[in-house]
Amino acid sequence: MTTMPFPARDYLPVLRELTGAFADALRTGDPAAKVPDCGDWTLADLGAHLGSVHRWVAEVLRTGEPQPDDFEAGPDLVSWYAESARLLLDELSAAEPGDRCWHFGGTEKTKAFWFRRQVHETAVHLVDAGSAYVLDPAVAADGVDEVLGAMLPRVTRWHAVPELPGPVSLRATDTGDVWTVHPGEPPALGPATDGASVEAPARDLLLRLWKRTGPDPRVEGDAAAALLAAPLTP
């Protein structure tokens, strides 16, 4: 079983690996290649987006306050992205996780939020970039926990969430972690129950919750199908 979330600083070596792998994907990929599951984005668009997110979060960490996201990628996208990742990692390395800082999730406004969020932002977009990087199952399980425990309670800020006809248990077959989502406005985690279920390796659950295509999980019950169809993420 995975203890989630990890201590904030434990995310740093994971984020270094992920950003390095993403830079490699930009270096070796076709900038004009279409990115599945990201609308009409190309790989270059994806790199500009993730680099901008890194720079935005670095500014939020530096100031502790909301910041505009109005960055433009430089002419050398690979170098610009690498610099973006470095700026983010430098700010996180210097940060005290418990210090006050704005973020869009929950009531505990500290810098710790951004360590976890940037790992999972980068991990999902690394898959979008077509990288062969193998995500640690425990990290993927933590990403599932973030979606269900941190994103889902606040998803109504972005869009409506369809009602669930009953509880649904999500089971990560490789880590043994289980989450049970109960109906509500919005749905929320609660006690485990028998009934509808979704089973898959943690990475596949994470990607499905972020509405990425991939191997089909084992789905039992109408409530499970409704959960997978619902827009659970921003």
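Reply: Leaving aside residues up to four places away in sequence, T2 touches A138, A141, T175 and D177, where contact means heavy atoms within 4.5 Å. This is a predicted model, in which local features need pLDDT of at least 70 and side-chain atom pairs count only at pLDDT 80 or more, while totals for chains, interfaces and linings use all residues. Residues are numbered from 1 along each chain as its sequence is written, and side-chain values use heavy atoms, with hydrogens and water left out.

With D177, the side chain of T2 makes a polar contact through the side chain of that residue, at 2.8 Å. A polar contact is a pair of N or O atoms within 3.5 Å; within protein, one must be able to donate a hydrogen and the other to accept it, and residues adjacent in sequence count only if both atoms are side-chain atoms. T2 counts as buried because its relative accessibility is 14%; buried means under 20% relative accessible area, exposed over 50%, and partly exposed in between (1.4 Å probe, protein chains only).

T2 belongs to the segment before α1 (11–28). Helices (H or I, at least four residues) and strands (E, at least two) are DSSP runs, numbered from the N terminus. P5 is also placed in the segment before α1, and the peptide bond from M4 to P5 is cis, with omega near -10 degrees. Most peptide bonds are trans. A cis peptide bond also joins E185 and P186, with omega about 0 degrees; P186 lies in the loop between β2 (178–182) and β3 (188–189).
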